[in-house]
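Hi,

Here is the structure I promised to pass on.

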Amino acid sequence: MIKPLADRVLIQPAPAETKTVGGIIIPDSAKEKPLRGTVIAVGKGTKDEEMVLKAGDQVLYGKYSGTELEYENEKYLIMRQSDVLAIL
C-alpha cells in the first residue's frame, strides 16, 4: 500500500458521472473531473502543520490539485493537506 509522507494525503477520487445527451454517451475524455474523493491514507504531518485529515474522510479538492497515480489498477491522487478545500 502507498504511505504518504509529511503533510501529504492519498485520495481515491469519486467516479466521474456518466451523462447522456439525447441518447449520445459522452466519452471519458469529455467527462467533468470529479472534485471530491475519499482519503485512503495520510502522512504524519510536519512540525509546522498538524495532520487534520484521517483515512475515511470525504473531501473536496481543487480541480488541478495533486498528482495522479495508478496502483493495482486503481486511480489515486496524492496531494498536500493544504490542497484539500473541505471535509464533507
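**What I found**

The accessible surface of the protein is about 6100 Å², and carbon and sulfur atoms hold 53% of that (areas by the Shrake-Rupley method with a 1.4 Å probe; for residues, only the protein chains shown count as cover).

Some housekeeping before the rest. This is a predicted model, in which local features need pLDDT of at least 70 and side-chain atom pairs count only at pLDDT 80 or more, while totals for chains, interfaces and linings use all residues. Residues are numbered from 1 along each chain as its sequence is written, and side-chain values use heavy atoms, with hydrogens and water left out.

On confidence, the mean pLDDT (the predictor's confidence in each residue, from 0 to 100) is 88 for the protein, and 78% of the residues score at least 70.

Now the fold. There are 8 strands and 0 helices (DSSP runs numbered from the N terminus: E of at least two residues for strands, H or I of at least four for helices). 6 of the strands form an open, antiparallel sheet in the order β6-β7-β1-β4-β5-β8; two strands count as paired if DSSP finds at least two bridges between them. The edges are β6 (67-71) and β8 (84-87), each of which pairs on one side only. From one strand to the next the twist averages 45° (axes are lines fitted to C-alpha atoms, for helices over the stretch in contact, with angles from 0 to 180 degrees between N-to-C directions). Inside the sheet, β4 and β5 are joined by 3 antiparallel bridges, and Gly 37 has Val 59 in β5 as its bridge partner.

Of the contacts with a separation of 6 or more, 63% are between residues 24 or more positions apart (contact means heavy atoms within 4.5 Å).

What is packed inside? Of the 88 residues, 27% are buried (under 20% relative accessible area; exposed is over 50%, partly exposed in between, with a 1.4 Å probe and protein chains only). The largest nonpolar core has 11 residues, among them Val 9, Ile 11, Val 39, Leu 53, Tyr 61, Met 79 and Val 84. A core here is a set of buried Ala, Val, Leu, Ile, Met, Phe, Trp, Tyr and Cys residues joined through side-chain atoms within 4.5 Å. Val 84 is in contact with Val 9, Ile 11, Leu 53, Val 59, Leu 60, Tyr 61 and Met 79, leaving aside neighbours within four places in sequence.

Asp 7, in the segment before β1, is buried at 7% relative accessible area. Beyond four places in sequence, Asp 7 touches Gly 45, Thr 46, Glu 49, Met 51, Met 79, Arg 80 and Gln 81. Asp 7 also sits 6.6 Å from Lys 44, C-alpha to C-alpha, although 37 residues separate them in sequence. Ser 65, in the loop between β5 and β6, is buried as well, at 13%, and touches Leu 77, Met 79 and Asp 83, again not counting residues up to four places away.

Last, the loop between β6 and β7. Glu 72 lies there with a positive phi of about 50°, and Asn 73, in that loop too, has a phi near 60°. Glu 72 is exposed at 63%, and Asn 73 is exposed at 70%. Most residues other than glycine have a negative phi.

Cheers
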